[in-house]
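Consider the structure shown below with attention to the ligand and to the packing of helices. The paragraphs that follow take these topics in turn.

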Amino acid sequence: MSFDSLGLRAELLAAVSTEGYTIPTPIQSKTIPLILEGRDVLAGAQTGTGKTAAFTLPMLQLLSLSGQGEKGRFPRALVLAPTRELAAQVNESIRTYGRNLRQSSTVVFGGVGIQPQIDALRRGVDILVATPGRLLDHAGQGTVNLSKVEILVLDEADRMLDMGFIHDIKRILKLLPSKRQNLLFSATYNDEVKRLADGLLHNPALVEVARRNTAAENVSQVVHPVGHTRKRELLSHLIREKDWRQALVFTRTKHGANRLATQLVTDGINATAIHGNKSQSARTKALADFKSGAVKILVATDIAARGLDIDSLPHVVNYDLPNVPEDYVHRIGRTGRAGANGIALSLVSSEEKDLLVNIQRLLGRNIPVEEVQGFKFEASSGSAPSTRQPDGRHDHNRPRRPDGFGGNSSRRPFRQGKEAAGRRGEATGRKGR
Ligand code: AMP
C-alpha cells in the first residue's frame with residue numbers, strides 16, 4: 001500500500017514525501033479514504049500511530065475542494081485537543097502537510113495571551129485547532145464564529161473526557177452547524193467515549209488499529225523493583241551506568257516532577273520538569289531544550305506529556321506507576337516510534353504492586369522483572385525476607401514475599417499478586433479484559 005492509492009491530491013502527496021513518509025501507517029490507509037468519502041469516523045488509535053496525518057491530510061483535501069479562503073473567513077474545520085502541547089503539534093502538522101495548499105490554520109489554547117489569537121481569528125482561518133476551555137472563552141467574547149464548521153475532529157477524545165471536558169465539548173457542539181462531518185479519535189474506548197460517540201457521529205465507519213503495546217514489539221519493557229526511598233538514587237545510577245542519551249521520566253504529580261528534576265540536577269544530571277503548573281513559555285522552552293538535546297532528562301506528568309511528539313526517544317521511565325493502567329500504555333508509546341527500538345523501565349516499589357497487576361492485566365502479559373545490583377529490594381524496604389535459600393535456590397514451600405516481587409534477581413516475569421504465591425515457572429500472566 002502506498003500513499004498514491006489513497007485518493008490524495010498531488011500537493012498533499014508531495015508534502016508527505018517531503019516528510020520522508022513512503023508507506024501509510026495502518027490508521028492512515030484505513031481512515032483517509034473514508035474521510036475523503038465524507039463519512040463520520042470513529043477511530044481507535046493512540047499517539048504514535050500516525051493518527052494526526054490520518055485526519056489532517058483528508059481534512060486539508062476536503063477543504064481545498066470546498067472553497068478557497070477569502071479574507072475574514074470563519075473556520076471550516078475545528079480540531080479539539082485536550083492539551084496545549086497536542087493542540088500546538090496538530091497545528092504544526094496541518095501546516096506541514098498543507099504547505100503546498102492555501103488553507104490556513106491557527107491554534108488557540110489557554111495559558112497565553114488571548115489578543116494574538118483574536119487577531120489571527122479576525123484575519124480569518126480555514127482550520128482552527130483549539131483546547132476546549134479557551135475556545136469557549138473566544139466564543140463567549142464573540143471573537144470566534146463557528147457557524148461555518150464543516151468538519152469537526154475530536155483528537156484524543158478519551159483524554160478530553162478524563163480531563164473533565166465533557167461539558168465544554170457539549171457547549172461547543174451547540175455552536176456548530178448540525179450538518180457537518182465528525183471524526184472522533186480515541187486511544188481507548190470506554191462507556192463515556194461510547195456515549196459521546198453515539199451522540200455525535202452519524203452512521204460512523206469504525207476503524208481500529210492494534211494498540212501500540214501489542215503492535216510495537218520494538219519497545220522492551222522491564223520492571224526494576226526498588227524501595228520507595230531509593231528510586232531517585234536508582235534512576236541516577238541507571239542514567240550514569242548505562243550512559244543514557246536521553247529519557248522521558250514520568251511522575252504522578254507535578255510536585256514530584258519538580259522535586260525529581262531538582263534532585264537530578266543536584267546529582268549533576270541535566271534535567272528539567274514539564275507540567276501543567278508551569279507557564280506556557282516555560283513548557284515550550286523545556287520541550288525545545290529536550291528536543292535539541294540540551295536537556296538530558298525530561299520529567300513530566302501524564303497530562304503534560306500527552307501527545308508530545310518527540311522522535312526516537314530511547315528511554316521512557318515510569319518513576320511512579322500511573323494510577324490509570326491505560327496511561328502506562330500512553331507513556332511507553334513515547335518510545336520505540338517509527339521502527340526505532342525503545343526501552344520502557346518502571347521503578348516499582350512494593351506499595352505499587354497493585355498498580356502493576358492492573359497494568360499487566362491490561363497488557364495481557366507480565367513485564368519482566370530485573371533487580372538492579374546494589375538496589376536489592378530488601379535493602380531499602382526492610383520488608384519481608386527473600387524466599388532465596390542460602391544456596392541460591394528458592395524454597396518452593398515457603399510463601400513468596402508479600403511485596404509480590406519474589407526474591408530472585410534473574411530476569412523473570414512478574415507474578416500477578418498474591419494468588420501467584422508459591423506458583424513457579426509460569427511464563428505468562430492472566431489475560432485481562
Ligand atoms: P502521531 O500518531 O500523529 O502522533 O504520529 C506519530 C509520528 O509518526 C509523528 O512523528 C509523525 O511525523 C510520524 N508519521 C506519521 N505518518 C507517518 C508515516 N506514514 N510514515 C512514517 N512516519 C509517520
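An oxygen atom of the ligand lies 3.2 Å from a backbone N or O atom of Lys51, which is a polar contact in the sense of a pair of N or O atoms within 3.5 Å. The model is predicted, so that local features need pLDDT of at least 70 and side-chain atom pairs count only at pLDDT 80 or more, while totals for chains, interfaces and linings use all residues. Residues are numbered from 1 along each chain as its sequence is written, and side-chain values use heavy atoms, with hydrogens and water left out.

At Gly50, a backbone N or O atom is 2.7 Å from a ligand oxygen atom. At Gln28, an N or O atom of the side chain is 2.7 Å from a nitrogen atom of the ligand. The ligand is surrounded by 15 residues, the closest being Tyr21, Gln28, Gly48, Gly50 and Thr52; a residue is counted here if one of its heavy atoms lies within 4 Å of the ligand.

The helices come next. Two packed helices are described by the angle between their axes and the distance between the axes. Helices are DSSP runs (H or I, at least four residues) numbered from the N terminus, and their axes are lines fitted to C-alpha atoms over the stretch in contact, with angles from 0 to 180 degrees between N-to-C directions.

Helix α5 (residues 115–123) and helix α6 (residues 132–141) have axes that come within 12 Å and cross at roughly 65°. This makes α5 roughly perpendicular to α6, a label for angles of 65 to 115 degrees. Gln117, Ile118 and Leu121 of α5 meet Arg134, His138 and Gln141 of α6, where contact means heavy atoms within 4.5 Å. The residues of this contact comprise two nonpolar, three polar and one charged.

Helix α6 also packs against helix α8 (residues 166–174), at an angle of about 40° and with the axes 9 Å apart. On the α6 side, Pro132, Gly133, Leu135 and Leu136 meet Asp168, Arg171 and Ile172 of α8.

Finally, the axes of helix α15 (residues 325–332) and helix α16 (residues 353–363) come within 8 Å and cross at roughly 70°. Pro325, Glu326, Tyr328 and Val329 of α15 form the contact with Asn358, Ile359, Leu362 and Leu363 of α16. By class, this contact has six nonpolar, one polar and one charged residues.

Terms used
Helices (H or I, at least four residues) and strands (E, at least two) are DSSP runs, numbered from the N terminus. Angles under 35 degrees count as roughly parallel, over 145 as roughly antiparallel, 65 to 115 as roughly perpendicular and the rest as oblique. Ala, Val, Leu, Ile, Met, Phe, Trp, Tyr, Cys and Pro count as nonpolar, Asp, Glu, Lys and Arg as charged, and the others, Gly among them, as polar. A polar contact is a pair of N or O atoms within 3.5 Å; within protein, one must be able to donate a hydrogen and the other to accept it, and residues adjacent in sequence count only if both atoms are side-chain atoms.
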